[in-house]
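Good morning, and thank you for making time for this presentation.

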Amino acid sequence: MINLNTDIQYLKGVGEARAKVLKKDLDIYTVEDLLYFFPYKHIDKSKIYLISDIHSQIGSIQLQGRVSRIETIGQGRGQRLSARFTDRTGSIELVWFKGIRFLKSSLKEGEHYTLFGKPILFNGRFSISHPEMEKTAADAVIEKGLMPQYSIPEKVKDKFVNSKLITKLVEIVWQLQPQIPDPLPSYLKQEQNIIDLCDALKHIHKPQSEDWYKKAEERLKFDELFNIQLKLLFQKHIQKSTIKGHIFGHVGQYFNRFFKELLEFELTEAQKRVVREIHSDVKSGLQMNRLIQGDVGSGKTIVAFFAMLMAVDNGFQAAMMAPTEILANQHFEGLKPFADALGLKIYLLTGNTKKSEREQLHQDLQNGVAHLLIGTHALIEDTVQFDNLGIVVIDEQHRFGVAQRAKFWNKNNVPPHILIMTATPIPRTLSMTIYGDLDVSVIDELPPGRKTIQTQHLYDTQFLKVYKFIRDQIALGRQIYVVYPLIKESEKLDFKALEEGFWQLYENFPPPKYHISKVHGDLKAKDKAFEMQQFVKGETHIMVATTVIEVGVNVPNASVMIIESAERFGLSQLHQLRGRVGRGADQSYCILKTSHKLSKESRTRIEAMVNSNDGFELAEIDMQLRGPGSIDGTQQSGMPFDFKIAKLTSDQDILQKARKAAEKLLSKDPDLNALLKQWLKKQLQTTIDWSRIG
Ligand code: ADP
Ligand code: MG
């Protein structure tokens, strides 16, 4: 008897040597691993074709017939073996360029064979090169059905482990009739119209028909997506049922004074809604884990500040963490006047905070003198201790991983509320997976009066047009960003481009009339901050920069974004960069400059940018173009994307189904039955702390 956990070595036909290869090179340790080693395609051996049926569009087929006229042609490297293959309807040439010696001794003229191969038309005649040959009786019935093909690296094939072996091993497993428990309750399978696990595993390898294959594929995709959803929802469920949160019970004077006396504009309806959502979280007694998704410029910072004031009103401290120093500075500068007006002590902590200041700050945080702390990830350094940290706001989360989020947990016994903000819109399917353990709020409305940014595509050769445009805009009192790519592999080249670009601009926009700032990654933080400040204060007209300004920077008077070598940026990055303008009341523009040579994909990206201002729509296009794994925010999220069979780009429907099913199952069986738990644990190597559930 075997079961799923049986070591692969004990399967008939494996043995020690092959077992080693299976384990080391293919990660197949057990019978279960073998069954989950899915074929990448099938070839159709369900019927025998006739030579007269062959046409130029035909794929790989089976033929039956007799071999004749075996001969070697040519010399040395160009040598090949040729043979005739004849059935009752005609004949065709077979050729081999390799393994000639072996074939010459094994192929017999006049014998019957069943072959498998792909006929190709060459010089008006069909031939098949390197067909698979099997000696069979003249009237043999060879109907093998859809035969699986496994993707096996060349180096492994040399060790006698190939598609055929895997096919055979899988067949052996089925002959032994292993027990395959199905963790999905039958009501769920019925409801979702999906087949049994055992059937799915059978038909994924050797389907009885195309239709069966589809059903098997759907079940296994469902499993992968369902597992993740179940894990995320389960985690959320545990969090909600076991992790207490600070209670910010009342809305107090700080919140109210800020809202009534200091806020200079009316909140948008979306902002109000999200503030309410946060409020209902933080007064509930459970820990908040909320994500705010909102396109660039939708006004997330103010919403976060309201949340921070809720903490302070209830005697807690609040922290905000930004991904870059520039951004941390900007948040600090932006919020300090409000804090001052309210009589709250606000501090800035970055890698550049002086030691003496840092010590004072540590003290004030620990004594509870400091109310608000803004910083970079210097903020999660272990030496920082709070007196009573109530909430952490994490801006632009896609630079922070789940693990870093967890670091706040050591700061207090009751964990602080977590509010994450991201302007990187990601497709819903992806956010369901990456942020599945978070509650999501969406700010889907821009502050009033914003004009749509006009985006135009220009070629590098049209620089005169660009200069004129810059001149006109500066004359109108606006400021301009010019952004250069900076990508690790070609850092030197990129840097040169930035320098050259700077000097060209300098020649065309010389002082004293014009002033230009320059910011790039190699500048000292102090110099960077200075250059940035010059631009923020309107002392400089043009900001030449690399993507360091990508995230969050807010200069409302800057109304033109010129992106050099735009073809080298990803869509979400382009959208982020464009989001730096259009923040004031003026009409804003984005110019995407490229060379004349554009790949098809680059062109699609540029066109998408010209045609759409909607971050979510662009994220969707980006995912279709590049696949989910390369979307910003996914790499560091710590979620498994190496699905064996599911594809987030095309399996959105299955994902929706899986999510709903997981929700329903959890509501029926919140503690999960043992089988499901085990299944989850194994398939996801889950990080759930099982001791918590007791
Ligand atoms: P993001 O969501 O990209 O982080 P910010 O929070 O930086 O956006 O806000 C962008 C700009 O919009 C800021 O100058 C901010 O003061 C302003 N703003 C935010 N909310 C409103 C509003 N309701 N009405 C007018 N301006 C607003
Ligand atoms: Mg922001």
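Predicted model: local features only at pLDDT ≥ 70, side-chain atom pairs only at ≥ 80, totals over all residues.

Residues are numbered from 1 along each chain as its sequence is written, chains are lettered from A and ligands numbered from 1 in the order in which they are written, and side-chain values use heavy atoms, with hydrogens and water left out.

Let me turn to the ligand. Ligand 1 is surrounded by 16 residues, a residue being counted if one of its heavy atoms lies within 4 Å of the ligand. The closest are Gln 271, Gly 297, Lys 300, Thr 301 and Arg 450. The shell comprises 4 nonpolar, 7 polar and 5 charged residues; here Ala, Val, Leu, Ile, Met, Phe, Trp, Tyr, Cys and Pro count as nonpolar, Asp, Glu, Lys and Arg as charged, and the others, Gly among them, as polar.

Which polar contacts, meaning pairs of N or O atoms within 3.5 Å, involve the ligand? An N or O atom in the side chain of Gln 271 is 2.8 Å from a nitrogen atom of ligand 1. An oxygen atom of ligand 1 lies 2.6 Å from a backbone N or O atom of Gly 297, and a backbone N or O atom of Gly 299 is 3.0 Å from an oxygen atom of the ligand. The protein buries 85% of the 570 Å² that ligand 1 exposes when taken alone, by the Shrake-Rupley method with a 1.4 Å probe.

Next, the helices, which are DSSP runs (H or I, at least four residues) numbered from the N terminus; strands are E runs of at least two. Axes are lines fitted to C-alpha atoms over the stretch in contact, and angles run from 0 to 180 degrees between N-to-C directions.

Helix H10 (residues 269–282) packs against helix H11 (residues 300–313) at about 30°, with axes 10 Å apart. The two are therefore roughly parallel, the term for angles under 35 degrees.

Helix H16 (residues 463–475) and helix H17 (residues 491–508) have axes 12 Å apart and an angle of about 60°, so H16 and H17 are oblique to each other.

Finally, the backbone. Pro 511 and Pro 512 are joined by a cis peptide bond, with omega about 5°. Pro 512 lies in the loop between H17 and strand S20 (516–519). Asn 123 has a positive phi, near 50°, and is found in the loop between strand S7 (119–122) and strand S8 (125–129). Most residues other than glycine have a negative phi, and most peptide bonds are trans.

Technical notes
Polar contact = N/O pair within 3.5 Å; in protein donor to acceptor, adjacent residues only side chain to side chain. Parallel < 35°, antiparallel > 145°, perpendicular 65-115°, else oblique.
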